[in-house]
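Let us walk through a protein model together, starting with its pockets and then turning to its charged pairs.

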Amino acid sequence: TGALDLLFEQGKRMFDAFQYDQAVPLFDQLIATMATSGQQGREDLLVQTYEMRARARFALGNTTGAEQDFAALLGVRPDFRLGAGISPRVVAILEGVRQLTIGQLVISSTPPGEIQVGDRVFTVPGEAVVIDLVAGTHRLTVDRQGFGPVDQSITITAGAETEVALALERVSATLSIITVPAGVSVVLDGTPRGETPAGSTSIGVSSPLVLTDVPLGQHRLELRRDCYAELSLPMNVTQDIETEPIELMRAVATVRLDSRAADAMVFVDGVSQGPLRERSTLSVCEGRRVIEVRGADGRFVDRRDWRRGATETLQAELKSAFPIVAATGSAAMPVEQLREAVEQALSAAPELLVYAPVQSELEAVLQKNNAPANWLGGRQGGTVGPALPREAVRDLGQRIAADLGAQGLSAVGVGTEPYQAEVLLLASGSGDPDRLVVNTADPASQRRVAEAIGAPLPPIVRPSLELSTVDVAGVSGAVVVRASGAAAAAGYAAGDAIVGLAGQPVVSVADVRAAVAALDASTPVTVDVRNAAGETRAVPTSATMVIDTIPLRDPALLYNRALIELRQRAATATAAADRAATHLNLGVVHLRLGNWDDALAAFGQVQLPEGAGVSAGTVQYLRGLCLESAGRLSEARTAFAAAAEAAEARISTEGPLVAPLARAKLATLR
């Protein structure tokens, strides 16, 4: 390209110096080089070269050569005109050649737009335009969006005009949608066509979303965006349309959260809305929403359909959270339906919340922890149960519960009867879930299960008269079989019958237990006692607060729920007796659930004196059970040996003596 420009400049200098005989050979060389090298995009250079060579040839008296150059020039650019100041004789030669080689196309187009003749594109406005063309046959094409194509031949006659009037047939149109706000999903005749893009200003008006090739005729336009009312509009498309900004109406409800959990976080559909103390009032989008309040000790979940304009206050009471992380459905009850049915069926349960978590959040956590499918709720021998060993269930469950910010996990499966569901409850740190069965269509069944979940733990610190009593046939009152501590010092003896307590008659052991449970340890009480001779005396007695243990095997007790409650008590207990009782029973629960290390750690927090009832011997016996299960037999024998020496220690205040049980264990471990 640089060499061509240099050659042209050399020829032009010769031309401007009137050295035409030297300029013509340079122009000859330039034209020949461009012809053989196929230079594209140098039309202006070629036209200028032909013009200057024609004028140089004319100056040298070569009129025929000048005519040939002007003919070649017009073949490249039919509408070429010489500039001002050129010799009229040269202009006359050019115009003479034009009359012999160039004709005019007089063309109009409805609607206006671009047409193509050969390889040149022309813009045709509303009125007809004249286009200079080389005489001969040309191909005229129009390929315009929204119109049928045009492809025809036209013949141009030198020195004459050829008129063509194009009337394009519209076959489709362009529909440009503008909305307020931007980001609106556009659906045309049931087919999604994209979202309106953000506008260039800050006033909320979108840029146009351009839909091309929309067939002519009637259409249905639907506009959708979260938190806005859906809009459906008829569109009669006969030509290109750009809508005025279409404004969607906000569709939100107002939710107020009333909760004592000031440090909790608020979530809507799994997305954090910030701390509750800052977001106690929310605007939520119309439709089905999941509103959650998540705290360190529990969660509140509300799942419902909201209507725009609604205002409601939710009492956000936090419960220990057990998200459903595994489910086994059926054709009659698919997984999603099962999850929500169980959530609703157990919603009345106090202190514990079984709920279906946001699916995207759950899937992310399960993927992060490489959890196998139905790892917690696979089918095992006809019932729902963990599909992994207990240790694996405990470790995996603990990680997943931590990632979900929950106190435990749950799994659900369809039962053997219609609408029946099996529910597993697994506290974080447990590998052995509790199992419940609920009929999701039976309010009575739901009430029974809710009551079982909410049943209080047996008392672990209770008032006691330090007496053991039994009912004896034919004897009115509760007969003393053992007295210890303050009761022994007060003169109670085996065979005495308690016939009155705190001014109320006693006819059975149940009366004694009910009366003692209501006693205050700081207030003396009078007990009416009848001896074997039938003599009755009043004995001033003070109740003593004693530690008790929950049963190690009780089918009515939900040990996973007990684990959650005892952990919470351990974190807040202040009195020495409360701390000792909580850690002791926490160890019992861990022992029941097979968490040997956790059980031993809990027992290590308990310091009880030697003596009667639940005492140091009780702790040693429980430690022995734990060490035996963990395979640490030497340490187990040491613990059982210590328990065997605790003659008055018992498993619970009303339970069997520890020493015989410990001796039986020692016999099996030899």
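Helix α11 gives the most to the lining of the largest pocket, contributing five residues. Helices here are DSSP runs of H or I with at least four residues, strands are runs of E with at least two, and both are numbered from the N terminus. This is a predicted model, in which local features need pLDDT of at least 70 and side-chain atom pairs count only at pLDDT 80 or more, while totals for chains, interfaces and linings use all residues. Residues are numbered from 1 along each chain as its sequence is written, and side-chain values use heavy atoms, with hydrogens and water left out.

What is a pocket, then? On a 1 Å grid over the protein atoms alone, a pocket is an open set of points where a 1.4 Å probe fits, with protein on both sides within 12 Å along at least five of seven lines; a lining residue has an atom within 4 Å of a point. Rolling a probe the size of a water molecule over the atoms shows where empty space is left.

The largest pocket has a volume of about 730 Å³, a volume being the space filled by probe spheres set on the points, which are joined across faces, edges and corners. Its lining has 31 residues, and S464, L465, E466, V546 and T653 lie nearest the centre. Elements that each supply at least two lining residues include β31 (461-464), β32 (467-470) and β38 (544-547). By class, the lining of the largest pocket holds 15 nonpolar, nine polar and seven charged residues. In this scheme Ala, Val, Leu, Ile, Met, Phe, Trp, Tyr, Cys and Pro are nonpolar, Asp, Glu, Lys and Arg are charged, and the others, Gly among them, are polar.

Now move to the second largest pocket, with about 420 Å³ of space. It is lined by 19 residues, and R260, A261, E317, L318 and K319 are the closest to its centre. Its lining divides into six nonpolar, six polar and seven charged residues.

Next come the charged pairs. The model has 37 salt bridges, each a side-chain nitrogen of Lys or Arg within 4 Å of a carboxyl oxygen of Asp or Glu. In one of them, D28 pairs with R53, their closest N and O atoms being 2.6 Å apart. D28 belongs to helix α2 (residues 20-37) and R53 to helix α3 (residues 43-59), so this bridge ties together parts that are 25 residues apart in sequence.

Are these two partners buried or exposed? D28, at 30% relative accessibility, is partly exposed, whereas R53 is buried at 10%. Buried means under 20% relative accessible area, exposed over 50%, and partly exposed in between (1.4 Å probe, protein chains only).

Another bridge joins D496 and R537, at 3.2 Å from N to O. D496 sits in the loop between α10 (485-489) and β34 (497-501) and R537 in strand β37 (residues 536-542), so the pair connects parts that are 41 residues apart in sequence. D496 is buried, with a relative accessible area of 6%, while R537 is partly exposed at 30%.
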